[in-house]
Amino acid sequence: MLVLGIESSCDETAAAVVRDGREVLSNAIASSLEEHKLYGGVVPEIASRRHAQAISGVVSQALSQAGCEAGDIDAVAVTYAPGLIGSLLVGVGFAKGLSVSAKKPLVPVHHLRSHIAANYLTSKLEPPFLSLVVSGGHSHIVAVNGYTDYKVIGKTRDDAAGEALDKAGRAMGLPYPGGVSIDKISAQGNENAFSFPHPRVEGAPFDLSFSGLKTSVINTIHNASQKGVEINTADLAASFQKAVADCLIGALERAAASTGAKKIALAGGVSANSLLRRRCADLCKRRGIALFMPELKYCGDNGAMVASQGYYEFSAGVRAGASLNAYANMPIDDVKI
């Protein structure tokens with residue numbers, strides 16, 4: 001079965017064709033990242049305009065690379081929640097039009113579900129398993145009981161880990177995206193040079209909080225500036241990244257112990273972080289848990305992960321019509337169409 005996946009939840013316009021949820025036949029992406037770097041973050045209006053300009057060409061490229069036409073695919077899958085509403089609407093609108101013109105079923109896909117599905121593209125992972133989903137907008141620990149059966153057992157109460165990394169990177173004067181810059185410069189730093197708090201949510205051992213941690217690094221920079229003290233940016237970045245990883249791995253290990261998980265899958269844009277990948281590997285080796293991580297090219301937003309999850313949603317009978325809308329927010333375990 002061939003599924004065309006369309007992704008436009010943030011600043012990447014992406015499309016891909018995937019066979020049977022696992023075999024990637026094409027994966028086309030157009031990014032407006034360089035333009036957003038001028039503003040230190042994604043500008044929603046610019047993102048939606050660039051999607052509108054690029055989406056037709058990206059979809060055509062994906063079909064061409066796969067050696068097929070719109071009439072050859074079996075379903076059109078599209079990200080419809082969560083994300084930037086203007087960006088989502090571009091993808092949803094295009095997918096609805098293509099679905100009608102090609103007379104193919106339309107399958108709505110939840111963005112976080114597709115990030116988890118990125119693991120299916122490069123491994124034989126099958127549910128049930130525990131997934132740590134870490135991105136710029138989300139930090140979740142999810143029990144994946146089936147391909148379309150999810151239960152959130154832990155999540156951030158405020159900032160997402162990726163958001164905290166990006167904002168900390170900006171405060172350090174590093175290029176956007178801050179999380180990527182922090183990961184790179186941390187290799188040159190001492191992760192024990194600075195001590196940062198490891199927030200815990202009382203009564204919720206699997207939940208996370210990064211707002212205080214983010215504020216702590218900003219205060220460290222401000223206090224040093226007030227005193228005229230020069231900070232080693234590499235040391236600061238490495239120490240902050242370690243604190244973020246400590247919080248994520250701590251909650252994940254508690255969740256794994258509580259659920260008796262035998263398999264863990266890392267997912268989301270921050271799953272490309274080198275320290276987080278090493279720490280997850282260490283955790284799983286220590287506890288005898290099988291670890292699955294997507295290839296780096298599938299960690300960020302892409303159409304292949306949407307097509308993969310779209311295959312499983314389609315197999316479960318999920319369909320949408322011309323009334324499909326986009327949603328800026330939606331829980332992964334309580335989707336609506």
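These legends walk through a few close-up views of a predicted model.

A note before you look: residues are numbered from 1 along each chain as its sequence is written, and side-chain values use heavy atoms, without hydrogens or water. Local features need pLDDT of at least 70 and side-chain atom pairs count only at pLDDT 80 or more, while totals for chains, interfaces and linings use all residues.

**View 1. The largest nonpolar core.** This core has 41 residues; such a core is a set of buried Ala, Val, Leu, Ile, Met, Phe, Trp, Tyr and Cys residues joined through side-chain atoms within 4.5 Å. Buried means under 20% relative accessible area and exposed over 50%, with partly exposed in between (1.4 Å probe, protein chains only). Elements giving two or more residues include β6 (129-134), α7 (211-227) and α8 (233-259); helices (H or I, at least four residues) and strands (E, at least two) are DSSP runs numbered from the N terminus. The most, 13 residues, come from α8.

**View 2. Around Met172.** Leaving aside residues up to four places away in sequence, Met172 touches Ile182, Val217, Ile221, Thr233, Leu236, Ala237 and Phe240; contact means heavy atoms within 4.5 Å.

View 3. Leu213, Lys214, Ser216, Val217 and Ala224 are the buried residues of α7. They sit on the same side of the helix because they cover an arc of only 160 degrees around the axis, taken from the directions from the helix axis to the C-beta atoms. Their cover includes α5 and α8, whereas Ser225 and Gln226, on the other side, are exposed.

**View 4. Just past α7.** Here Gly228 takes a positive phi of about 75 degrees.
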